[in-house]
Structures are given as structure tokens and as C-alpha cells.
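Hi,

Here is the structure I promised to pass on. Have a look first, and my notes follow below.

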Amino acid sequence: MNVRKVLEVIQSQGTLTRADVMRCSGISAPTVSKAVSALLDAGLLEERETAEFSVGRPGKLLQLPRFSAQVIGVVLEWDYCSVVASGLDGHLHEEKLDRFKTPKTYEELIETISNKILNLVEKQEIPALGVGITVPGLVNSNDGRIFLASNLHIVDGQAPAADIASRTKMECVLVQKSTSLCLSEKTYGAGQDVDDFINLDVTSGFGMGVFTGGQLLAGQHGLAGEIAHITVEPDGGRVCGCGNVGCLETVATDLALTHYVSKRVGKDLDFDAIEELVKQGELDITPELDRTIEFLAIGVAAAINIFNPSNIFVTSRLFDLDEDAFNKLIEKAKNRALKPSSNSCEIERSKGNKYLGAVAGIINHLANGLGPRLT
């Protein structure tokens, strides 16, 4: 637990000396020294000399590795997948980002990703400590299998982390996308100093990750916080990927907006095409956007009422379509939620991204091997 505490202090504070870590953590000097040694041996920390002009005999500086070690992030999506390398400090090596169209079969998906990981590690020539894989679906944390990916059914019932690990001989972990974004916010974003917050990802599905009391809410199988498949439109609603009708996921996401806009104009449009037409003034999506925001507000209000968070971070491109869209969401959500909870809850746009989510997933997994996350 002391080792994990030292790691969390450096994650939140940045480059520190051992004396700094001792002051920030409240841990004794000998214990800090032992914890630092363990982290250095595990490759989760690196140390460097202080500047030559420093006065006296300053201690060596401790920091999360940026170029001496790396992790690999893999993002699975219904349309495109991505593989990217990152330092343990969250610095993405975006020049090595590889984004490609999602293969049509599971076998091709695993083979393609495994080959891209091996090529990336070989080109980087930096020790890779592990691979974090995110998926927009329900992940069984007990066996690493995907219960259901509503918009990516080729992975249903599969265990991509285990299959990629067998091909790459690297440690791999699979994390639900919304959970990974939550970890990203806690590790690198605005959630670092917040103990009770929610991250909502509504880009394709309606994913929610929850931190409560400084701990990631998991549940029996890692499915706690799942509200995507609450029925909100029982009569005349769309069939959801889960098999039910009128789920929140079918009406309150970026993908839901593209469906209803495409249906009205009579041709399939992706989000990028819709955004371009809106910016050019060639397409008015006010009815569809207002409807999507209305249902999204219902989901946000439900999250406020159930979990009573201090902050909700929302990941969505809906707010790029209309400068007033986010303010409308806040107003509608707070009007629907219980006042004691909503008055003290800040609703913000997420500052993380899907690549950092995958990176945070594997770093959290490696850190869990040292000890539990502390509040």
C-alpha cells in the first residue's frame, strides 16, 4: 500500500525528490526509500540528476518514465480501431498512432492488432510494460470476456486481452471504455483531486465509469454503474444491440443522433459528414439534436440521483454541433435531478481522450499489482 501511495503522489504531483514524496505522502523516509526502490525495479519510475547549478546536495529527481519505458494503448471501436504508444506519464507518442478500419471478423481483428503492437514495440526500441485494451461494451472483470458490445458484436463472448497476450507475449488487460476514461480522468485529468465523480462516454454507446470515495466502483463482475440499457422509450423505440427496445443507449448518444439525422435525410451520414454540413449551413439538425440532448439529460440526472457525485465529466461530440448544446444539457439535467444532489454537482466536458483511457487502463492494472488504490 505504501508503494501504491508513493506512485499516486508522483502521478499527481509530477517530478519530486524522495524528500518531497515523504512530505506529500506522510510516509517515513525509510519506507519511501523502499517503495521507490520497488517502483524503480518494476520500471514504473525513473530517476535523474538535478540541475548542475543546484545548491548543496539535492536528492535525485523521481518521475514517471516518458521515453525509458512505455505502455501500449489499443482502442476498439465499431468503425475504427487504434494502437498507440505512451510514456507512463501519459505523454502519447502520437507520431506512432496507427488508426485503421475495424476488421470484419474477430480473428482478423486479433491478428491485425497483435502485428501492429509488435511492429510498434520494435520500432520504438523502448521496453514495453504492457498493453491496455478498451472496448465499448460490457466486460466481465473476472475472466476478461466481453458480455456484450452493442455496436461491435464480433467481440461478444471473446477475451481479446488473453488472445492478444498469447500472440505478443506481453501483459494485456481489457477495460470497458467508460471505465478507462474514468481512470484517465483520475490519473491525468480533472479528477486527480476528486474522490466522487462520474465519467460519461456517449460517443457510440452510453458508458459510465464511477469513482466513489476515491475508489473505482466495480461490482460483482465489473459492471456497476451500467445504465445504458434502462428503458426510456418503451413504445416505438429502436431495437438496441442488447435485444431490448428503447434503451437509453439508442437515443442519447452521438451514434443515435447520426441514426435519426440519416433517417430524416434519406441517406447514411456519419458524424463527420453531419458536422461538416452543419458548419456549412447546409443541414439543420435542431430537432434531432434537441431530442438527443433531452434524453442525455435524463441519463445525467439519473447518474446524479443514484451516485451523488461532485463532478460529472461528459465525453461527446454533440457539443461541437451547437455552442449552446452543452449549456442546454446542464440546465435540463439539473432540472430533472434532485436539487440537493444537483446543486452541488459540477457538469463538465471531459478533458481526457480514448487513447489516454487505454493507457490509464494498463497503468492502473500494473499499479494494482503493487497494492490497492488509496483514497
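To start with a question: is R317 buried, partly exposed or exposed? With a relative accessible area of 30%, R317 counts as partly exposed. Please keep in mind that this is a predicted model.

R317 also takes part in a salt bridge with E275, at 2.8 Å from N to O. This pair connects distant parts of the chain, 42 residues apart: R317 sits in the loop between strand 14 (311-315) and helix 10 (325-336), while E275 belongs to helix 8 (residues 271-279). E275 is buried, at 11% relative accessible area. Together with D272 and K279, the two residues form a network of salt bridges.

D201 pairs with K177, their closest N and O atoms being 3.3 Å apart. Because D201 lies in strand 11 (residues 197-201) and K177 in helix 6 (residues 177-188), this bridge ties together parts that are 24 residues apart in sequence. Both of these residues are buried. R4 and E8 make a salt bridge as well, also with 3.3 Å between the closest N and O atoms; they are four residues apart in helix 1 (residues 2-13), about one helical turn.

There is also an open sheet of three strands, in the order 1-3-2 with antiparallel pairing. Strand 1 (16-17) and strand 2 (46-48) are at the edges with a single partner strand each, so one side of each has no neighbour in the sheet. L16 has L62 in strand 3 as its bridge partner.

Best wishes

Note on methods. Residues numbered from 1 in each chain as written. Predicted model: local features only at pLDDT ≥ 70, side-chain atom pairs only at ≥ 80, totals over all residues. Heavy atoms only, no water. Pairing = 2+ DSSP bridges. Helix = DSSP H or I, 4+ residues; strand = E, 2+ residues; numbered from the N terminus. Salt bridge = Lys/Arg side-chain N within 4 Å of Asp/Glu carboxyl O. Buried < 20%, exposed > 50% of the residue type's maximum accessible area, 1.4 Å probe, protein only.
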